[in-house]
Amino acid sequence: MKGWIEYLQKIRKVLLFCLICVVVFGTVLFLYDIPLEPLIYGTAVCAVLGAIALVLGHHAYMVKKENLLYIKENTQVNLSKLSPPANGNEELYQEMLRELDGERKRLENSKSIFFTQLTDYYTMWVHQIKTPIAAARLLLTADAGGTQEVLGELFKIEQYVEMVLGYLRTEDISSDMEFRRYSLDGIIREQIHKFARIFVGKKLALEYDGTEEIVLTDSKWLGFVIGQVLSNSLKYTREGKIRIYMEDNRPHTLVIEDTGIGVRKEDLPRVFEKGFTGYNGREEGRSTGIGLYLSAKIMKKLGHEISMESEPGKGTRVYLFLGRKALEMY
């Protein structure tokens, strides 16, 4: 009964129009003194046909309603369950539903991919972080006075934790950015101070004379990138030095150069790909393939650029372009 009430309310304007037509024709026939028998007969025929139309219309209405309720309760259902559109408006509505459903599927697929990648990364991260934890435990149980070594292993743990936090936050990094004009020197020195113990422990020299460069950026995220590049340089440099300077021939470009083992020519085009460790990463067994990927992703969000030049056995130069692209964003 409820369905009939809904349907009659839906077509009430049509019913009202039909009733008005009957009244008008009845009035005209009455004024012209025409017998009412034809009117009554015609009305009866129309009433029978109208009743049949009402039943068929009500059935179609209920079928459409049941399909819509089924789609509402089952969000994964295929929209092919929709009844054929009755008019142009319904066709537009169905097209909008299909576009929204496509967007929903795209977002679900993206979310699924992200969680799959997240699981893979956490699995790798857990294995990586076990190494410094185990090393610290051995140093402590050995009681050999290896305080510096323990602190070094703890620093590695901090770096791995910072890496995984950075990985999670970069999925929605735009909401966490605050662009201002910063002294590049302050950002660099903060990262140098963070890695000072590693420089001392590995007996590596550092050359940095300071810079007066002012850059429009987010200091936290740019610092994260500089820290990742320094971490890579320290990881793959066994002797020699690391230089940090502004490139004379490339305005607004910071260079971090090391005398490490370098990167093979065939690996260079892929160093910023997610999960790519290259020959060095496989040989050393300490690379997650995430640091440079995050750095490239963050630099793009900041409006900056990052690139690399390297030669095996001679070292690596990483270029951080911090100039005009960032200024154009603001």
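**Note on helix packing and core**

1. H6 passes H7 in a right-handed crossing. A crossing is right-handed if the near helix is turned clockwise from the far one by less than a right angle, and left-handed if anticlockwise. The residues of this H6–H7 contact comprise eleven nonpolar, five polar and two charged. Here Ala, Val, Leu, Ile, Met, Phe, Trp, Tyr, Cys and Pro count as nonpolar, Asp, Glu, Lys and Arg as charged, and the others, Gly among them, as polar.

2. The basis of the model: this is a predicted model, in which local features need pLDDT of at least 70 and side-chain atom pairs count only at pLDDT 80 or more, while totals for chains, interfaces and linings use all residues. Residues are numbered from 1 along each chain as its sequence is written, and side-chain values use heavy atoms, with hydrogens and water left out.

3. The protein has ten helices and seven strands. Both are DSSP runs numbered from the N terminus (helices H or I, at least four residues; strands E, at least two). Of its 330 residues, 35% count as buried. Buried means under 20% relative accessible area, exposed over 50%, and partly exposed in between, with a 1.4 Å probe and protein chains only. Among contacts between residues at least 6 apart in sequence, 67% join residues at least 24 apart. Contact means heavy atoms within 4.5 Å.

4. Geometry of the H6–H7 pair: helix H6 spans residues 184-202 and packs on H7 at an angle of about 30 degrees, with the axes 9 Å apart. Axes are lines fitted to C-alpha atoms, for helices over the stretch in contact, and angles run from 0 to 180 degrees between N-to-C directions. H6 and H7 are therefore roughly parallel to each other. The classes are: under 35 degrees roughly parallel, over 145 roughly antiparallel, 65 to 115 roughly perpendicular, the rest oblique. On the H6 side the contact includes Ile188, Ile192, Phe195 and Phe199. H7 contributes, among others, Leu222, Gly223, Ile226 and Leu230.

5. H7 also packs on helix H9 (residues 291-302), with axes that come within 9 Å and cross at roughly 150 degrees. That makes H7 roughly antiparallel to H9. The crossing of H7 with H9 is left-handed. Trp221, Leu222, Phe224, Val225, Gln228 and Asn232 of H7 make this contact with H9 residues including Leu292, Leu294, Ile298 and Met299. The contact residues divide into nine nonpolar, four polar and no charged.

6. The largest nonpolar core holds 41 residues, and Leu222, Ile226 and Leu320 touch the most other members. Helix H7 (residues 219-236) gives the most to this core, with eight residues. Such a core is a set of buried Ala, Val, Leu, Ile, Met, Phe, Trp, Tyr and Cys residues joined through side-chain atoms within 4.5 Å. Beyond its neighbours within four places in sequence, leucine 320 contacts Val225, Ile226, His252, Thr253, Leu254, Met299, Glu305 and Ile306.

7. Two loop residues other than glycine deserve a look. Histidine 252 has a positive phi near 60 degrees. Its loop runs between strand S4 (241-246) and strand S5 (253-258). Histidine 252 is partly exposed, at 37% relative accessible area. Lysine 203 has a positive phi near 55 degrees. Lysine 203 sits in the loop between H6 and strand S2 (205-208). Lysine 203 is exposed, at 74%.

8. Histidine 59 is in helix H3 (residues 37-73). Histidine 59 counts as exposed, at 54% relative accessibility. Its C-alpha atom is separated by 9.6 Å from that of tyrosine 7, 52 residues apart along the chain.
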